[in-house]
Amino acid sequence: MQLLGVRLPDNHFVKHALKQFYGIGDKTALRLCARVQIHERCRVRHLNQSQVTALTAFLSSPANSPPVAVQPLAPPNYVPPPLSQPVPPPTLREGEKLPADTLREIKIESDLRRQMRENIAHQRNIGSYVGRRHAMHLPVRGQRTRSNAQTARKLNRVERYN
Amino acid sequence: MLPTAVVQGGRSAWKGPFFVAFPNLRQALENNIPIKTQARSCTILPNFIGLRFMVHNGKDYIPVTVTQDMVGHKLGEFAITRKRFTYKATKNK
């Protein structure tokens with residue numbers, strides 16, 4: 001199946017297939033499945049149309065996705081109302097804040113690559129050691145260069161592509 | 001600018017950034033005198049902008065002019081400590 005230009009293998013579990021996206025790993029894939037209500041062992045070919053739409057909508061702009069309703073935790077001294085009355089909707093206590101929704105802040109594919117390139121360009125522009133090492137195609141964090149360092153030679157560029 | 005070193009650097013937030021108090025900060029800013037320092041691990045704070053530093057690299061002092069973008073980095077990042085290898089042919093052989 002093709003999703004936003006990325007090919008997801010039909011026979012794979014969705015939670016594994018989502019890792020085809022640059023910027024989505026184990027954890028994010030699981031959380032994403034939970035968010036769009038896809039069960040753990042669902043395979044890509046078993047996705048229905050609404051799930052595909054939900055996935056596409058979320059991944060095309062995670063920041064603009066609708067916020068999820070998070071239920072605040074009950075305080076330790078919570079006393080439930082008697083069964084005869086309707087349950088009141090949960091409300092935030094004084095000074096209580098809902099945790100930030102980190103799943104909406106993810107960046108994938110070209111956005112993430114652009115961010116990475118901007119970070120390297122920033123280091124290069126201010127002339128820091130990290131920026132210099134990128135420009136020289138050498139390891140940045142003190143690794144040896146007498147041998148090995150092949151990954152750095154391949155990847156460390158000011159205009160890094162991957 | 002990247003998120004500040006307080007957030008990124010693996011250092012407890014309650015401690016704040018590590019920095020060295022330079023006693024002659026205001027004087028240096030007014031008279032444009034470079035501050036000679038060996039404190040490479042000192043974080044560049046927003047009030048350092050425009051200052052000139054002479055940062056020690058283990059051998060001598062490298063001039064560093066602090067700009068807006070450098071805030072949150074360390075002084076030592078701008079004074080390299082390694083010398084590029086260059087082959088020199090021996091004269092007397």
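## Domains of chain A

In this predicted model, chain A is split into domain 1, covering 2-64, and domain 2, covering 109-156. The C-alpha centres of domain 1 of chain A and domain 2 of chain A are 31 Å apart, and the contact between these two domains draws on 5 residues from domain 1 of chain A and 4 residues from domain 2 of chain A.

## Interface between the two domains

Between domain 1 of chain A and domain 2 of chain A an area of about 390 Å² is buried, with carbon and sulfur atoms giving 61% of that area. On the side of domain 1 of chain A that touches domain 2 of chain A, the residues fall into 3 nonpolar and 2 polar, with no charged residues.

## Interface between chain B and chain A

The contact between the chains involves 9 residues from chain B and 9 residues from chain A. The area buried between chain B and chain A comes to about 910 Å², and carbon and sulfur atoms contribute 61% of it; on the side of chain B that touches chain A, there are 4 nonpolar residues, 1 polar residue and 4 charged residues.

Polar contacts between chain B and chain A number 2 residue pairs, both residues being at pLDDT 80 or more.

Note on methods:
Residues numbered from 1 in each chain as written. Chains lettered and ligands numbered in written order. Predicted model: local features only at pLDDT ≥ 70, side-chain atom pairs only at ≥ 80, totals over all residues. Heavy atoms only, no water. Contact = heavy atoms within 4.5 Å. Buried area = accessible area lost by both parts, 1.4 Å probe. Polar contact = N/O pair within 3.5 Å; in protein donor to acceptor, adjacent residues only side chain to side chain. Nonpolar A, V, L, I, M, F, W, Y, C, P; charged D, E, K, R; others polar. Domains from an automatic or database assignment.
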